[in-house]
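Me: Please take me through the assignments in this structure, with the criterion behind each of them.

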Amino acid sequence: MRDSVPSVSVGPAAVVSCHVEQPLRDETWARFDALQRRRPGGFDVIALIRPPDPAYGEAEEPWLERARAAAAHAPLGLHTHWTSPTHARPTGGDPAARVRAEAAWMRERGLEPAYFCGGGWYTDDAVAAAVQELGLVDCTPRGGVPAPGILPTTHSLGRLARAVLGSLPPYVHAYFHDYDLLDARRRTALLASLAVLGRRRPPAP
Ligand SMILES: [Zn+2]
C-alpha cells in the first residue's frame, strides 16, 4: 500500500545510506556487507565510506577489496573524516583540500564515488564547492528536498523508526552507521523500519 502523496516532484522517493565508519573492523564490515546483500526494503544501501587513514596505521588492503565489494551492490560515496578515524570534524588544515585528495585517491584506485557526506556533518563553502566540482552529490545537508547536486539526509535510525509508524514526508533519506549493526536491537529496528519504508516510499530507481 502506497500513500497518495505525490513524490515525483521531489525526485527519488526514498534513499538509504550508511556511514561506513569502521571499514577495517571485520565484525562491523561483515554486518554491513550482509545488510547490503540483503537489500532491506528493496533498497540499495549507499556506502558512504571513510577512506583508510595511513596516519592512524590503516592499510589500503583489505579496504580496497571491501570498497569494491560495496560498489558492486550500490553507488559509493566519500565520507571524509578530517581529524582521525574517530574524530570526524576538522581541527585545522584545509578541509576542502582533504576532500579533493580523498576523491582523487579513490579514483586512482578505480573507485568512483558518486556521493559525499561530510564527517560529523561538517561542511563549509570551500568544501561544498569542491564537492560540486568533483561531481559528487552532496548528502551533508540535514533536511529539505533534493536539488541539483544535493540529496539531503533527513532521517536517523531513531527518527525513521518513529516516522514509518506515522506521517512520512514525500522524500526520505535515511542513514545509519555501520556500527549500529553490531547492536541486535538497533539492527532489528533498522530492518523493520526499512521494510515499512520500502512499502510506503519506493526506492529511488
Ligand atoms: Zn563518520
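Reply: D53, R98 and E102 are linked in a network of salt bridges, a salt bridge being a side-chain nitrogen of Lys or Arg within 4 Å of a carboxyl oxygen of Asp or Glu. This is a predicted model, in which local features need pLDDT of at least 70 and side-chain atom pairs count only at pLDDT 80 or more, while totals for chains, interfaces and linings use all residues. Residues are numbered from 1 along each chain as its sequence is written, and side-chain values use heavy atoms, with hydrogens and water left out.

Me: Why is D33 called buried, and why is R37 called exposed?

Reply: Buried means under 20% relative accessible area, exposed over 50%, and partly exposed in between (1.4 Å probe, protein chains only). D33 has 15% and therefore counts as buried, whereas R37 has 51% and is therefore exposed.

Me: Why is the site of the zinc ion called irregular?

Reply: Donors are N, O and S atoms within 2.8 Å of the metal (3.2 Å for Na, K and Ca); water is not among the atoms, so sites may look incomplete. Four donors count as tetrahedral if all angles lie between 85 and 135 degrees; four count as square planar and six as octahedral if opposite donors are over 155 degrees apart and all others between 65 and 115; anything else is irregular. The angles here are 57 to 130°, so the site is irregular.

Me: How do you know that H79 is buried?

Reply: H79 has a relative accessible area of 1%, and is therefore buried.
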